[in-house]
Amino acid sequence: MRLWVSLLLVTLAFCCYQANAMVCPAVVIDTENILTMPMGMYEKRLKAFNAPADAVQAKLQVKQCIDQMPREDIRKIKHILVEMLPKCL
Amino acid sequence: MKLVMVLMLAALPLYCYAGSGCAYLEGVIKDIANPTISIEQFKNSLKEYIKDDATSNAVGEFKQCFLNQSNETLENFVAFMVILISFYVCFYNTRKFVTSDVK
């Protein structure tokens with residue numbers, strides 16, 4: 001029983017280590033989504049994380065402001081995001 | 001054996017929450033959500049990416065969206081990013097490992 005638990009802990013630690021390479025894209029994707037996804041769709045996506053309502057509301061409030069920006073300016077921010085990607089590798 | 005298990009249990013959450021694996025991007029997100037960092041300071045931190053006035057203007061507008069928010073909203077915004085990172089680090093790949101087929 002003890003050996004099984006230890007092996008499970010080692011496996012979880014290994015998975016967490018491997019997952020680090022996955023997470024940067026997740027942050028990038030969320031940033032892209034807050035820039036360009038329609039509000040209703042973005043709200044559904046946020047709720048899938050089961051985060052506290054205050055945290056979801058905070059993201060949506062910022063998005064409301066971003067949605068007022070001219071499309072061309074949002075494109076420029078997206079371009080900067082793409083340029084930053086090599087720094088995640 | 002018990003001590004090893006306790007240490008691993010304590011270390012695992014720290015390891016999982018250690019960060020996104022992209023410190024640079026995390027730093028940018030922290031800066032944009034930091035109300036004490038001005039638009040000019042934020043633009044300065046991104047100067048290698050700001051090559052013209054139009055881009056500078058866009059970055060300023062983007063930062064202003066965050067400066068418009070209350071401190072509480074900004075804290076909650078950052079809290080969501082921590083949740084997002086934790087979700088992918090500790091749950092996504094664990095699920096993938098558990099559900100992958102053994103051939």
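Where does B:Val78 lie? That is a handy place to start, and here are my notes.

1. **B:Val78.** This model is predicted, so keep that in mind as you read on. B:Val78 lies in helix H5 of chain B, which covers residues 71-99. Now look for B:Ile29: it is 49 residues away from B:Val78 along the chain, yet the two C-alpha atoms are separated by 8.0 Å.

2. Rolling a probe the size of a water molecule over the atoms shows where empty space is left. A search of the whole structure turns up one cavity of 30 Å³ or more. The space in the largest cavity comes to about 250 Å³. Its lining has 19 residues, and those nearest the centre are A:Thr31, B:Val28, B:Ile29, B:Ile32 and B:Phe62. Both chains take part: at least two lining residues each come from H1 and H4 of chain A, and from helix H2 (23-32), H4 and H5 of chain B.

3. **A:Thr31.** Let's stay with one of those lining residues. A:Thr31 sits in helix H1 of chain A, residues 2-36. Buried or exposed, what would you call A:Thr31? Its relative accessible area is 15%, and buried means under 20%, so A:Thr31 is buried. The side chain of A:Thr31 reaches the backbone oxygen of A:Val27 at 2.8 Å. Setting aside neighbours within four places in sequence, A:Thr31 is in contact with A:Leu81 and with B:Ile29 from the other chain.

4. **Helix H4 of chain B.** H4(B) has 15 residues, 53-67, and at 1.5 Å a residue it should span 21 Å; the C-alpha atoms at its ends are 21 Å apart, which agrees. At the start of this helix, a side-chain oxygen of B:Asp52 comes to within 3.3 Å of the backbone nitrogen of B:Ala54. The buried residues of H4(B) are B:Thr55, B:Ser56, B:Ala58, B:Val59, B:Gly60, B:Phe62, B:Lys63, B:Cys65 and B:Phe66.

5. **A:Cys65.** B:Cys65 has a partner worth a look. What does A:Cys65 touch, not counting residues up to four places away in sequence? The list is B:Cys65, B:Asn68 and B:Gln69. A:Cys65 itself is found in helix H3 of chain A. At a relative accessible area of 19%, it is buried, because the limit is under 20%.

6. **A salt bridge within chain A.** Side chains of opposite charge can pair when their charged atoms come close. Over all chains, the count comes to eight salt bridges. One of them joins A:Asp30 to A:Lys59, with the closest N and O atoms 2.6 Å apart. This pair links distant parts of the chain, since A:Asp30 is in helix H1 and A:Lys59 is in helix H3 of chain A, 29 residues apart. Both ends are tucked away from the probe: A:Asp30 is buried at 6% relative accessible area, and A:Lys59 counts as buried at 1%.

7. **A salt bridge between chains.** The side chains of B:Lys51 and A:Glu83 also meet in a salt bridge, 3.0 Å from N to O. This one crosses between chains: B:Lys51 is in the loop between helix H3 (39-45) and H4 of chain B, while A:Glu83 is in helix H4 of chain A, residues 71-84. B:Lys51 counts as exposed at 61% relative accessibility, whereas A:Glu83 is partly exposed at 25%.

8. **A salt bridge within one helix.** B:Lys43 and B:Glu40 pair up at 3.9 Å, N to O. Both lie in helix H3 of chain B, three residues apart, which is about one turn of the helix. B:Lys43 is buried, with a relative accessible area of 16%, but B:Glu40 counts as exposed at 55%. Elsewhere, salt bridges that share partners join A:Glu72, A:Arg75 and A:Lys76 into one network.

9. **A:Asn50.** Last, a backbone angle. Most residues other than glycine have a negative phi. A:Asn50 has a positive phi, near 55°. You can find A:Asn50 in the loop between helix H2 (39-47) and helix H3 (53-66) of chain A, and at 70% relative accessibility it counts as exposed.

Conventions:
Residues numbered from 1 in each chain as written. Chains lettered and ligands numbered in written order. Predicted model: local features only at pLDDT ≥ 70, side-chain atom pairs only at ≥ 80, totals over all residues. Heavy atoms only, no water. Helix = DSSP H or I, 4+ residues; strand = E, 2+ residues; numbered from the N terminus. Expected span 1.5 Å × (residues − 1). Buried < 20%, exposed > 50% of the residue type's maximum accessible area, 1.4 Å probe, protein only. Polar contact = N/O pair within 3.5 Å; in protein donor to acceptor, adjacent residues only side chain to side chain. Contact = heavy atoms within 4.5 Å. Salt bridge = Lys/Arg side-chain N within 4 Å of Asp/Glu carboxyl O. 1 Å grid on protein atoms, 1.4 Å probe; cavity = no way out; pocket = protein on both sides within 12 Å on 5 of 7 lines; lining within 4 Å. Points joined across faces, edges and corners; volume = space filled by probe spheres on them.
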